[in-house]
Amino acid sequence: MVANQPLRSTGFAGAVHRGAEGWALLGGLILLAVVGANILSVIGKPLGISFAGDFELTEMGVAVAAFAFLPYCQITRANVTADIFTSGVSPRMMAFLNFAGAFVALAFSIILLWRMFLGMQEQKTYGYATTILQIPQWLAFVPILLSLGLLMLTSLVSAMEECKKAKQGAKHV
């Protein structure tokens, strides 16, 4: 187990953790499919075998995959940190800083969820579609919104876990 990973939880926290893992794996499969399609497109062009819209599929697939990884990064504490500033702090202060980070992630996930939902509605209202394949662009927003909802849940679970650690640290001080 990685040092910054939480212990396997049960109940709500465990369900959120397993959901984030499964969602990240699905994002990885989407990314593999995008890479495979690009390889096929590049290798196939000299052979006269290519398909239209590979750039559009890449654009949508990579966006969906990138958002799918965010909840997993949050729940496993795999986000970028500046350890040089926190190397000498007490466990209680570290738990407080991690709580603050989880709270900020929660706030940002709520704002992003709200704004991306409005963006999806606008894409749907105006009928925006990709140029070549004519795929409605709002379709890519659906899994992105699910990712942001899961990010919101993972941020909440992270905040609760760090709050619990801070309280336990207060008892030991």
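Read along the sequence, the protein runs α-α-α-α-α. That gives five helices and zero strands. Helices (H or I, at least four residues) and strands (E, at least two) are DSSP runs, numbered from the N terminus. The model is predicted: local features need pLDDT of at least 70, side-chain atom pairs count only at pLDDT 80 or more, and totals for chains, interfaces and linings use all residues. Residues are numbered from 1 along each chain as its sequence is written, and side-chain values use heavy atoms, with hydrogens and water left out.

Now the overall form. The C-alpha atoms fill a box of roughly 70 × 35 × 30 Å, taken along the principal axes. The radius of gyration is 20 Å, but a compact globule of 173 residues would have one near 16 Å. This radius is taken over C-alpha atoms, and the globule rule is 2.2 Å times the number of residues to the power 0.38. Of the 173 residues, 31% count as buried. Buried means under 20% relative accessible area (1.4 Å probe, protein chains only), exposed means over 50%, and partly exposed lies in between.

Next, look at helix 2. It covers residues 54-75, which makes 22 residues. How far apart should its ends be? At 1.5 Å a residue, the helix should span 32 Å. The expected span is 1.5 Å times one less than the number of residues. The end C-alpha atoms are 33 Å apart, which agrees. Its buried residues include M60, V64, A68 and I75. Charged residues D54 and E56 are also among the buried ones. After helix 2 comes R77, with a positive phi near 55°.
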